[in-house]
Amino acid sequence: VSARSAEPVSARSAEYGQEVVKMLDSAALSRQRSFSRNELDTATVSALSQEEEFKEEAMDTDAIFTFRGEQLMKTNPNGAVSYMSRRNAVFFGESHDSVRDKLLATRILQQLKRKRKVALGLEMVQQPFQPVLDWYVFQATPSKSADTTLFRETEWETRWGWDFESYLPILKYAQLHKVPMLALNVEAELTSRVRTQGLPSLSRAERSRLIMDPEGFRDDTIAPSFGAYVDAVLRPSFDAHLAMGMFQNADNAFSNFVSNRILWDETMATTASRFLLKNPEYLLCGLVGGDHVKTAHGIPARIERMLKNSDFDNARTTSVALNPSWKLYSASRKLVEVDRRERQALQSLSPASSAGSVNGSNGAAGEARRGSAPVTRRGGGGGEDN
């Protein structure tokens with residue numbers, strides 16, 4: 001981690017663009033370069049010349065489930081793309097340790113770009129590092145050097161931690177096709193504070209930046225369905241983190257955990273909504289952990305609420321579950337019930353099988369359901385897996 005990481009993120013963010021310019025070749029940043037293929041590394045040439053379609057062999061094993069209200073429905077690829085293209089925002093729920101999920105997300109993004117102007121929102125990158133994403137898409141020459149710079153300057157290793165190489169297909173696609181990328185996530189310094197001190201620890205300025213619809217945010221937490229959401233989605237995640245020893249079960253530990261998670265989602269929804277209000281012609285595609293797209297309290301529903309409260313005309317969003325294990329239980333079932341069945345299935349496994357680490361978008365249950373060995377997550381990544 002570079003020495004400047006010891007500084008507060010808020011102090012660095014205002015000058016971050018200047019730091020990037022100084023660090024990199026100023027001539028390359030002064031204009032958007034045209035380039036010949038012999039300047040590119042082999043992987044980039046391949047990505048540029050061999051765009052993957054929704055190939056028959058890939059779709060035989062890929063599964064796309066869209067959320068219609070609280071129903072999870074298996075959808076054929078053409079129908080899914082047609083449905084998604086008519087939304088303002090669509091969020092892909094991935095397992096962070098799944099290469100297959102990211103390849104499927106890339107293929108969907110390619111198809112949607114043929115129908116609409118698209119932007120790509122990333123849970124993996126925290127807001128102060130937006131200038132790095134802008135540089136990578138619009139100014140950097142596609143190369144391994146540019147990829148390395150993106151990895152280093154977003155502090156990927158310590159702030160996210162999941163395998164960077166597995167995300168390169170979708171990152172490279174955005175770069176090669178000039179798809180704007182958005183740093184959706186709140187900085188780890190703030191989530192760490194909220195996880196120990198709760199939402200009151202945020203300053204007025206921080207709340208204003210992170211939460212564009214404070215009344216809607218409050219109403220969301222007192223909605224009748226919020227308790228079921230916490231029980232089905234957040235409680236299992238908290239228990240898994242506790243079992244791993246990631247924090248102590250102190251007073252207010254669970255309530256602060258819930259506060260942190262809903263702040264995380266509200267912040268990503270705020271960032272997305274502000275982009276759409278300024279760029280209504282775009283379809284915003286978000287790549288986030290699976291828990292963040294579930295039920296009426298996930299990111300897409302929050303975006304829809306914010307846009308409607310901002311008088312956005314006909315706001316419509318949707319979510320996509322990429323290759324979910326939920327298909328083992330039903331092709332169409334309410335999400336809260338699906339999560340409850342998942343938890344019951346996990347508890348029926350032997351202790352050795354169910355003691356896996358928190359991996360992918362669905363926590364400890366993710367690895368146990370797939371029957372694979374636990375994957376060790378590198379780095380700090382902001383304190384929680386999603």
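## Overview

Helices (H or I, at least four residues) and strands (E, at least two) are DSSP runs, numbered from the N terminus. By that rule, the protein chain has 20 helices and eight strands. Residue numbers start from 1 along each chain as its sequence is written, and side-chain values use heavy atoms, leaving out hydrogens and water. This is a predicted model: local features need pLDDT of at least 70, side-chain atom pairs count only at pLDDT 80 or more, and totals for chains, interfaces and linings use all residues.

Buried means under 20% relative accessible area, exposed means over 50%, and partly exposed lies in between (1.4 Å probe, protein chains only). Of the 386 residues of the protein chain, 55% count as buried. A contact means heavy atoms within 4.5 Å. Take the contacts in the chain with a separation of 6 or more: residues 24 or more positions apart account for 77% of them.

## Confidence

The predictor's confidence in each residue is its pLDDT, from 0 to 100. The protein chain has a mean pLDDT of 76, and 66% of its residues reach 70 or more. Among the elements, strand S4 has the highest mean, 98. Helix H20 (residues 364–370) has the lowest, 30.

Over residues 10–39 the pLDDT is below 50, and this stretch has 41 contacts in the model beyond near neighbours in sequence. Residues 352–383 also have pLDDT below 50, with 83 such contacts. Where pLDDT is low, the predicted coordinates should not be read in detail.

Helix H16 covers residues 253–278. The expected span of a helix is 1.5 Å times one less than its number of residues. For the 26 residues of H16 that gives 38 Å, and the end C-alpha atoms are 38 Å apart, which agrees. In H16, 22 of the 26 residues are buried, so the helix is largely enclosed by the rest of the structure.

Glu266 is found in H16. Its relative accessibility is 0%, so Glu266 counts as buried. The side chains of Glu266 and Arg302 are joined by a polar contact of 2.6 Å. Such a contact is a pair of N or O atoms within 3.5 Å; within protein, one must be able to donate a hydrogen and the other to accept it, and residues adjacent in sequence count only if both atoms are side-chain atoms. Not counting residues up to four places away in sequence, Glu266 touches Leu210, Ile211, Asp213, Phe217, Arg302, Arg305 and Met306.

Leu120 is found in strand S4 (residues 117–126). Leu120 is buried, with a relative accessible area of 0%. The C-alpha atoms of Leu120 and Gly286 are separated by 5.6 Å, although the two are 166 residues apart along the chain. Residues that Leu120 touches include Leu109, Ile170, Met181 and Leu284.

Strand S7 spans residues 317–322. Six of its six residues are buried, so S7 is largely enclosed by the rest of the structure. In a regular strand the side chains alternate between the two faces of the sheet. Here Thr317, Ser319 and Ala321 point one way, while Thr318, Val320 and Leu322 point the other way. S7 pairs with strand S3 (residues 89–94) in the parallel sense, over five bridges. Two strands pair if DSSP finds at least two bridges between them. Gly93 stands opposite Ala321 in S7.

Helix H11 (residues 168–176) is mostly covered, with eight of its nine residues buried. Among the buried ones are Lys172, Tyr173 and Gln175. Just after H11, Lys178 takes a positive phi of about 55 degrees.

Ser143 sits in the loop between helix H8 (130–138) and helix H9 (144–153). Ser143 is buried, with a relative accessible area of 17%. Its side chain reaches the backbone nitrogen of Ala146 at 3.1 Å.

## Aromatic pairs

Rings of Phe, Tyr and Trp (its six-membered ring) pair if their centres lie within 6.5 Å; planes under 30 degrees apart count as stacked, over 60 as edge-to-face and the rest as tilted. The structure holds seven aromatic pairs. Phe226 and Tyr229 form a tilted one, 5.9 Å centre to centre, with 45 degrees between the planes. Both residues are buried. They are three residues apart in helix H15 (residues 226–243), so about one helical turn separates them. Elsewhere, ring pairs link Phe151, Trp156, Phe164 and Tyr167 into a cluster.
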